[in-house]
Each structure stands twice: as structure tokens, then as C-alpha cells.
Amino acid sequence: MAAPALAPITRQVSGRSAAAPAPSGPTAAAPAPSGPERGQALAAAVAELPVLDASGRRVPFGALFRERRAVVIFVRHFLCYICKEYVEDLAKVPKSFLQEANVTLIVIGQSSYHHIEPFCKLTGYCHEIYVDPEREIYKRLGMKRGEEITSSGSIWSLWRAVTGPLFDFQGDPVQQGGTLILGPGHCIHFIHRDRNRLDHKPINSVLQLVGVQQVDFTSRPVIHV
């Protein structure tokens with residue numbers, strides 16, 4: 001079956017994506033590093049960079065989408081409660097929906113690999129998940145560091161995190177994530193770099209781009225519709 005046309009996604013999280021006044025201090029958004037864009041090929045040097053699975057095994061990043069198309073979601077860090085709630089909703093995507101479309105769903109974080117299993121237990125996430133603890137892939141893909149949003153929400157999110165079961169000082173608390181559609185091979189079909197912790201792409205919008213059946217999230221409030 002032919003893959004659907006890949007159109008840009010313009011809808012943002014709960015309509016709250018407009019940039020707020022830029023904060024000052026350590027959480028201020030740093031100049032975004034350059035990175036690849038949609039329609040370009042992923043550099044071989046980036047594809048060769050390793051990610052780690054839950055056992056600490058090193059896997060070349062490019063191997064994750066060499067044979068099939070993949071939705072790859074980079075989260076800020078496993079302490080971010082917005083990311084936690086987003087991944088809880090990713091867990092609701094049935095494996096059968098992905099298999100029918102021959103698509104892989106992948107989450108990548110930036111903590112130690114030791115935190116993968118507890119994070120999956122906490123969120124119920126059962127699809128592929130890896131970590132990039134040195135953030136080398138984040139950097140090479142041009143993921144932002146800092147937030148285009150007032151800092152009070154970040155402080156609240158971090159406070160909730162440090163009182164939760166996964167608290168650990170590992171990871172960069174101001175690293176942002178993003179969403180890519182990659183493969184088969186090194187083709188970048190879509191890339192979105194989060195501007196802040198609320199700027200996740202709506203899950204069903206991303207699934208639509210890769211021909212995956214839409215998921216009903218109405219059983220609980222979600223942050224991405």
C-alpha cells in the first residue's frame with residue numbers, strides 16, 4: 001500500500017504553542033544548533049551513533065528504521081511529567097495498528113539506560129524505547145536546549161518530578177525533544193523540534209502521516225489534542 005502524502009502539521013498542543021516571552025537565566029532558550037530538515041537524508045555519521053536499550057546494549061540509531069518507516073519521538077527527559085503523560089498516551093497505540101501500517105513507534109530519552117524499565121512500568125509503554133545519554137543525537141538533529149516559555153511551569157514540572165519515584169539527577173533538565181518520521185533507510189520524511197515542554201505534536205496527526213489508524217484518547221484528558 002502506498003504511503004500517504006506527508007503534509008506539514010500545523011496544529012500545536014492544545015492551541016498553546018505561541019511563543020511566550022523568552023525567559024532569562026539558565027532556562028532561556030539557547031540558539032538552536034543546525035540540523036537536518038525534512039526531505040534530506042540523515043547523515044551517515046548520525047545514523048551510526050549508538051543508542052542504548054534497556055539492557056545497555058548499543059544499537060546504531062540508523063538500524064532502528066533501516067527496514068521500515070518509524071515514528072521516532074525524542075522526549076525531554078524521564079523526569080518531565082508532561083513527557084510522562086505524553087508517553088502514557090503513546091502506550092495506548094495498539095501494536096496491531098502499527099503492524100498493519102508496517103510502522104515502528106520509538107521513544108528515545110536522555111537518561112541512563114537503567115531508567116528505561118522503571119519508566120515503562122510507570123507509563124505502561126510497551127513499544128520500542130532507547131536512550132541517548134550523551135545527547136549526541138539530540139545535538140546532531142538540532143534539538144533545542146532551553147524553553148520558549150515562562151519558567152514557572154518548568155519549575156512545577158521539576159518539583160513534581162523530584163518528589164516522584166524516578167527522581168535522579170541524570171540528564172539535562174532544559175533539553176527539548178522532537179518528533180521525526182524516518183525510513184526505510186536514511187530519508188527524513190518529517191521533523192519537528194519542540195520549542196518547549198508543551199510543544200509535542202498531536203499523536204493522531206503524526207499517526208495519520210504514516211497511515212496508522214487513529215486512536216481514541218477520549219477516555220481521559222490528554223495534552224496533545
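What you see is a predicted model, in which local features need pLDDT of at least 70 and side-chain atom pairs count only at pLDDT 80 or more, while totals for chains, interfaces and linings use all residues. Residues are numbered from 1 along each chain as its sequence is written, and side-chain values use heavy atoms, with hydrogens and water left out.

The protein chain has 7 helices and 7 strands, and reading along the sequence gives the pattern α-β-β-β-α-α-β-α-β-α-α-β-β-α. Of its 225 residues, 53% are buried; buried means under 20% relative accessible area, exposed means over 50%, and partly exposed lies in between (1.4 Å probe, protein chains only).

β3 runs parallel to β4, joined by 6 bridges, and V71 has L105 as its bridge partner in β4. β3 also pairs with β6, here in the antiparallel sense over 5 bridges, where V71 stands opposite I181.

Together β6 and β7 form a hairpin with 5 residues between them, and G183 in the turn has a positive phi of about 80 degrees. As for β7 (residues 188–193), 6 of its 6 residues are buried, so this strand too is largely enclosed by the rest of the structure.

Now to the packing. In soluble globular proteins, nonpolar side chains tend to be buried together. A nonpolar core here is a set of buried Ala, Val, Leu, Ile, Met, Phe, Trp, Tyr and Cys residues joined through side-chain atoms within 4.5 Å. The largest such core has 36 residues, and those with the most contacts inside it are V71, L90, L105, Y125, I129 and V212. Two or more residues each come from β3, α2, α3, β4, α4, β5 and α7, with α2 giving the most, 5 residues. Y125 shows how these parts meet: leaving aside neighbours within four places in sequence, Y125 is in contact with V87, L90, A91, L105, I106, V107 and C120. Apart from this core lies another, of 23 residues, among them V59, F61, F74 and I188.

Which aromatic residues are linked into a cluster by ring pairs? They are F61, F65, F74 and Y138. Rings of Phe, Tyr and Trp (its six-membered ring) pair if their centres lie within 6.5 Å, and planes under 30 degrees apart count as stacked, over 60 as edge-to-face and the rest as tilted. The whole structure holds 3 aromatic pairs. One of them, F61 with F65, is edge-to-face, at 5.0 Å centre to centre and 80 degrees between the planes; both F61 and F65 are buried. F74 and Y138 have ring centres 5.0 Å apart and planes at 80 degrees, so this pair is edge-to-face. Because F74 lies in strand β3 and Y138 in helix α5, the pair ties together parts that are 64 residues apart in sequence. F74 and Y138 are both buried.

With 17% relative accessibility, R135 counts as buried. The side chains of R135 and Q175 are joined by a polar contact of 2.7 Å (a pair of N or O atoms within 3.5 Å; within protein, one must be able to donate a hydrogen and the other to accept it, and residues adjacent in sequence count only if both atoms are side-chain atoms).

Note on methods:
Helices (H or I, at least four residues) and strands (E, at least two) are DSSP runs, numbered from the N terminus. Two strands pair if DSSP finds at least two bridges between them. Contact means heavy atoms within 4.5 Å.
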